Amino acid sequence: MLKITPYLGIIVLIVSIGGVFYPKLGYFLLLVFASLMIIAPFRGRWFCGNLCPRGSFADFWIAPISRKAKIPPTFRSMWIRTPIFVALMGFMVFRIIQTQGVVDKVGMVFVTMCILTTSVSILFGVAFAPRAWCSFCPMGTLQRAIGGSKHPLVVDRQKCIKCGKCQKVCPMQLPVKEIQEMPDCIKCGRCVEACPKGALSF
Ligand code: SF4
Ligand code: SF4
Ligand code: SF4
């Protein structure tokens with residue numbers, strides 16, 4: 001996690017609320033999309049754990065009001081994630097085509113998508129866990145598909161004492177010490193910081 005990460009959540013509110021009055025704010029989503037597309041081939045979902053405004057919003061704004069329950073494994077299933085990806089992306093493209101390229105109307109499509117997905121992420125974040133939405137977010141799924149195996153977390157089994165502290169702090173609720181390959185790891189580094197034996201590294 002970067003020093004700036006906890007503060008990025010404010011951007012979600014600026015785009016979702018400010019965008020209603022000034023639709024060009026919606027174009028910020030293009031910057032988000034470009035950034036994650038550049039980073040994903042080298043670092044997988046690193047953007048999710050370090051630069052995504054909604055990820056920050058989930059960790060630092062939704063967390064205090066979340067039930068912090070277990071994220072249902074079904075949310076991570078590609079049988080759920082792929083249709084969500086196709087439906088949301090298809091809906092967005094359809095709406096953009098309808099705008100006939102009018103700048104403010106296109107901006108409003110992005111703002112609407114931001115409001116829609118933020119609302120769902122708050123609902124799921126409160127009902128399940130702060131990062132429940134990130135388990136099936138289309139942009140997370142895309143990054144996983146592009147670079148899920150890149151920049152992996154490595155567990156030194158000689159040093160690991162199986163205390164489980166790494167799994168307790170993982171915002172994605174991943175089985176940190178159990179398996180080697182975790183394409184949904186968002187590279188936030190919280191488990192690395194929490195490990196008392198220095199058994200984790202990238
Ligand atoms: S999964 Fe989506 S909302 Fe969550 S951090 Fe990644 S891009 Fe942002
Ligand atoms: S925190 Fe470190 S020592 Fe504890 S289970 Fe995780 S990897 Fe092993
Ligand atoms: S496994 Fe570690 S780095 Fe990956 S998401 Fe969980 S806490 Fe963050």
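Reader: How much of α4 is buried?

Author: In this predicted model, 8 of the 10 residues of α4 are buried. Buried means under 20% relative accessible area, with exposed over 50% and partly exposed in between, using a 1.4 Å probe and protein chains only. Helices here are DSSP runs (H or I, at least four residues; strands are E, at least two), numbered from the N terminus.

Reader: Which ones are buried in α4?

Author: P53, R54, G55, S56, F57, A58, D59 and I62.

Reader: And what covers them?

Author: The cover includes α1 (10-21), α2 (28-43), α3 (46-50), α6 (103-127) and α9 (190-194). Contact means heavy atoms within 4.5 Å.

Reader: Before we go on, what are the ground rules?

Author: Residues are numbered from 1 along each chain as its sequence is written, and chains are lettered from A and ligands numbered from 1 in the order in which they are written. Local features need pLDDT of at least 70 and side-chain atom pairs count only at pLDDT 80 or more, while totals for chains, interfaces and linings use all residues; side-chain values use heavy atoms, with hydrogens and water left out.

Reader: Fine. Where is ligand 1?

Author: Ligand 1 takes the space of the largest pocket. A pocket is an open set of points on a 1 Å grid over the protein atoms alone, with protein on both sides within 12 Å along at least five of seven lines; a cavity is a set where a 1.4 Å probe fits but cannot get out, and lining residues have an atom within 4 Å of a point. A molecule sits in one if more than half of its atoms lie within 2 Å of its grid points.

Reader: Which residues are around ligand 1?

Author: R45, C48, C52, R54, G55, R131, W133, C134, C137, M139, G140 and Q143, each with a heavy atom within 4 Å.

Reader: What volume does the largest pocket have?

Author: About 580 Å³, where grid points are joined across faces, edges and corners and a volume is the space filled by probe spheres set on the points. Of its 31 lining residues, L29, V32, R54, T117 and M139 are the closest to the centre. α2 gives the most to this lining, with 6 residues.

Reader: What's the lining like by class?

Author: It has 25 nonpolar, 4 polar and 2 charged residues. Ala, Val, Leu, Ile, Met, Phe, Trp, Tyr, Cys and Pro count as nonpolar, Asp, Glu, Lys and Arg as charged, and the others, Gly among them, as polar.

Reader: Now the cavities. How many are there of 30 Å³ or more?

Author: The count is 2. About 100 Å³ lies in the largest, which is lined by 13 residues, with C160, C163, C166, C195 and A199 nearest its centre.

Reader: And the second largest cavity: which ligand sits there?

Author: Ligand 3. The second largest cavity holds about 90 Å³ of space, and C170, L174, C185, C188 and C191 are nearest its centre among 14 lining residues.

Reader: How does the shell around ligand 3 divide by class?

Author: Into 10 nonpolar, 1 polar and 1 charged. Among the residues around ligand 3 are C170, C185, C188 and C191.
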